Amino acid sequence: MRKIFLAIIIISLAFACTRRWNWINKDNKGYGYVPIYANKNDIVQINFQTSRPTMNPGKIYAYGNYIFQNDMGTGIHVIDNTNKLQPVKTGFINIPYNFEMAIKDSFLYANNLVDLVVFDLHNPTNPKVVNRINGVFPMQSIQNYPSESDVYFECVDSTKGVVIGWKKQTTVNRNCYR
Amino acid sequence: MKKILTYTLIAFSFFCCTKNDQGNNIYVTTGTGGSLARFTIVGNYLYSVDDTRLRIFDISNPSTPVYKNIINIGWGIETIFAFKDKLFIGSTSVVYIYSLANPLNPTMISTATSQQVFRRCDPVVAKDSVAYATLRSSSMCGGGRSVLSVIDIRFINNPIEIYTLPMQEPMGLGYWGNHLYVCDTSKGLQVYDITNQYLPTLVKTLKDEKCLDLIPYDDELICYTSNGINIYDITNRSNPVKIITIK
């Protein structure tokens with residue numbers, strides 16, 4: 001009896017958040033969501049590149065004679081402001097899915113999707129990755145389901161990579177619902 | 001297009017509106033962010049906020065951060081601003097004020113709310129006994145009208161909004177000396193005299209200079225714009241003069 005009760009609870013829990021509606025071909029809103037995957041190996045590809053135009057300007061940070069600007073989702077522009085009348089871009093730190101940064105004692109802290117990455121900036125024209133804390137900024141809301149509720153979506157398959165967003169479309173493998 | 005959508009989604013989940021840390025350098029070895037930040041450093045600790053929680057990293061050894069603690073704050077967190085031994089955490093509904101008496105385990109002292117708006121995206125900066133917040137009621141943030149809110153924080157347990165100025169679409173803000181600079185995305189860059197800190201007086205509007213956030217830094221105003229960065233000379237604090245645009 002106790003076992004049955006336990007089984008019922010476990011089954012209920014399993015279905016509590018994400019209900020699966022494989023057996024119902026009900027039209028909901030005429031659209032659903034499909035996960036956008038990124039390859040785990042691509043995400044951690046960090047390198048220092050020559051300066052380039054700013055595409056999607058993001059947050060700014062000042063440290064010493066340098067100014068930094070995030071390019072949303074792609075990395076950080078490094079600007080040498082030693083000559084205040086003629087500041088110059090000196091390079092670009094390519095950091096996939098980066099939006100945030102802070103600097104202390106010439107060490108730069110930046111998010112690389114869900115990881116915290118530390119750069120040695122003692123030579124700002126040649127930043128080096130010195131540390132990484134994996135998965136410290138989990139994005140549950142994005143990685144498990146789309147932000148919209150009462151909607152069908154394709155279940156996340158973690159073997160396909162890391163979910164970095166959701167695409168709205170009319171034809172969806174409606175195997176998940178939330 | 002797909003990329004843009006992806007970035008938008010990530011940006012939303014990672015920060016909704018945003019804000020940061022700023023003001024004159026308190027810890028000389030730490031940099032200065034804008035008022036739209038989610039990372040801030042105080043002493044030997046890095047603080048980061050996601051939409052509900054505050055994370056604390058020990059960076060006493062700067063090359064080797066250690067993840068120490070996580071604290072639930074509330075819903076709709078967007079920005080974090082450090083001033084002296086306090087954290088000002090801006091959300092869509094309230095500004096949370098946390099004590100850093102124990103830097104590894106910040107505790108809530110009080111919350112500041114505005115009579116003027118229901119919801120807002122609010123970058124906050126603090127200065128001695130006053131805090132300034134832009135409360136923006138755009139479509140994304142909800143609410144009724146936008147204001148610059150002046151909050152008396154002399155009694156930190158009981159912050160009181162004592163003055164508001166109507167704004168159009170305010171974003172980031174920051175001060176340098178006795179001047180407060182406010183980004184208004186539709187009105188332009190505004191300069192207020194805050195000699196009387198509880199009664200900001202508008203002294204200049206640069207209509208064509210639109211910005212999203214700014215950092216006053218070493219007699220310069222570094223502005224984040226939709227194109228990149230504008231830098232202004234603020235040697236004359238009431239009259240920013242553009243030095244350069246970096247795209």
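In this predicted model, Ala62(A) has Thr32(B) of β1(B) as its bridge partner. The two residues belong to a pairing that crosses from one chain to the other: β3 of chain A, residues 57–63, runs antiparallel to β1(B), and two bridges join them.

**The contact between the chains**

Chain A contributes 44 residues to the contact, and chain B contributes 49 residues. By residue type, the side of chain B that touches chain A consists of 25 nonpolar, 18 polar and six charged residues.

**Chain A**

Chain A contains 13 strands and three helices. It has 178 residues, of which 39% count as buried. Among the contacts in chain A with a separation of 6 or more, 46% are between residues 24 or more positions apart.

**Strands β19, β20 and β21 of chain B**

Strand β20(B) pairs with β19(B) and also with β21(B), as the table shows.

| Strand pair | Sense | Bridges |
|---|---|---|
| β19(B) and β20(B) | antiparallel | five bridges |
| β20(B) and β21(B) | antiparallel | five bridges |
| β11(B) and β12(B) | antiparallel | six bridges |

In the second pair, Ile229(B) lies opposite Ile246(B) of β21(B). Because four of its five residues are buried, β20(B) is largely enclosed by the rest of the structure.

**An open sheet in chain B**

The last pair in the table belongs to another part of chain B. There, four strands make an open, antiparallel sheet in the order β10-β11-β12-β13. The edge strands are β10 (124–127) and β13 (160–166) of chain B; each has a single partner strand, so one side of each has no neighbour in the sheet. On average, neighbouring strands of the sheet are turned by 20° against each other, direction ignored. In general, the strands of a sheet pair through backbone hydrogen bonds, and the pairing is either parallel or antiparallel. Strand β11 of chain B covers residues 130–135, and its partner β12 of chain B covers residues 147–152. Between these two strands, Ala133(B) has Ser149(B) in β12(B) as its bridge partner.

How values were computed:
Residues numbered from 1 in each chain as written. Chains lettered and ligands numbered in written order. Predicted model: local features only at pLDDT ≥ 70, side-chain atom pairs only at ≥ 80, totals over all residues. Contact = placed C-beta atoms within 7 Å. Nonpolar A, V, L, I, M, F, W, Y, C, P; charged D, E, K, R; others polar. Pairing = 2+ DSSP bridges. Buried ≥ 20, exposed ≤ 12 C-beta atoms within 10 Å, placed from the backbone. Axes fitted to C-alpha atoms, helices over the stretch in contact; angles between N-to-C directions.
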